[in-house]
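Try each task before reading its solution.

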Amino acid sequence: ASMDNFSTLMNAKSEEKPVNPKTMGAIQNLRFSNISFKHQTAKSHAIKNISFEVNSGETVAFVGPSGSGKTTLVKMLVGLYQPEEGMISYNDKNMKEIDLTELRKQLGFVTQDAQLFSGTIKDNLLFVKPDASDEEINAVLQKSACHNLLARAENGINTTIGEGGIKVSGGEKQRVAIARAFVGQPAVLFADEPTGNLDQRTGETVINLLFRLNQEAGTTLVLVTHDVSLASRCHRLLYMEAGRFVPAPPP
């Protein structure tokens, strides 16, 4: 079954690239203009007539229940889904006319279920920035509050984690994921339910860390969450329900 899945993946159609891609430069803003999207097997739209703009340095939260379209929206922002209607733009350039590889090099991700790869701590960060020095890696791990993990790592950042190496807790996985996101010095950081699988105390520690690092780096933060109290720490809250923006609920 795994080989069949692998074969399907390898034979899948490659991502379309513009013949003459436009140079984008450092991301200063991103915009959805009347975007609609429906999954192939769905009867209704996951996103319907959505418009918004985010500028450099802003922190914006998309808030809503499960199935409201928040994660679909983020996947569209990184080019994994293409809109049926409307236009997504970065720096006022149509996303279809820019090189997605150039775009993705400026994006960072922290997801609900952080995936660490079999290998060393260092390997997991080099995945984002292959030319990162040991000094850069150690610095971002320290900033990401990975002290306890490093204290248990006999070979420092060259210590293997996971199977055959040291075990990591859920909170430690998220901290390494945050370090991995920031080592690439992203212009825009997407955090998709970053505390969803953590207990309340660990979740608060992780989110405080995320906001502090984001403020220090001056990164644009796009937060996806169902937690209104968490979202209230952002500059702007956009409420979603059934793929649309809705007015803020009463307090």
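**Exercise 1.** In which helix does Met-10 lie?

*Solution.* Before starting, note that this is a predicted model, where local features need pLDDT of at least 70, side-chain atom pairs count only at pLDDT 80 or more, and totals for chains, interfaces and linings use all residues. Residues are numbered from 1 along each chain as its sequence is written, and side-chain values use heavy atoms, leaving out hydrogens and water.

Step 1: Met-10 belongs to helix α1, residues 2-10. Helices (H or I, at least four residues) and strands (E, at least two) are DSSP runs, numbered from the N terminus.

Step 2: Met-10 is exposed, at 54% relative accessible area. Buried means under 20%, exposed over 50%, and partly exposed in between (1.4 Å probe, protein chains only).

**Exercise 2.** Find the strand that pairs with β1, then follow the pairing onward.

*Solution.* Step 1: strand β1 (residues 29-37) runs antiparallel to strand β4 (residues 85-90), and five bridges join them. Two strands pair if DSSP finds at least two bridges between them.

Step 1: pick out Ser-33, whose bridge partner in β4 is Met-87.

Step 2: β4 also pairs with strand β5 (residues 93-94), again in the antiparallel sense, over two bridges. Here Ser-89 is opposite Asn-94 of β5.

Step 3: look at the hairpin of β4 and β5, with two residues between the strands; Asn-91 has a positive phi near 50 degrees there.

**Exercise 3.** Which side chain meets Arg-31 in a salt bridge?

*Solution.* Step 1: the partner is Glu-53, at 3.1 Å from N to O. A salt bridge is a side-chain nitrogen of Lys or Arg within 4 Å of a carboxyl oxygen of Asp or Glu; by this rule the count comes to eight.

**Exercise 4.** Is Lys-129 buried or partly exposed?

*Solution.* Step 1: Lys-129 has 18% relative accessibility, so it counts as buried.

Step 1: find its salt-bridge partner, Glu-136, with the closest N and O atoms 2.7 Å apart. Glu-136 counts as partly exposed, at 31% relative accessibility.
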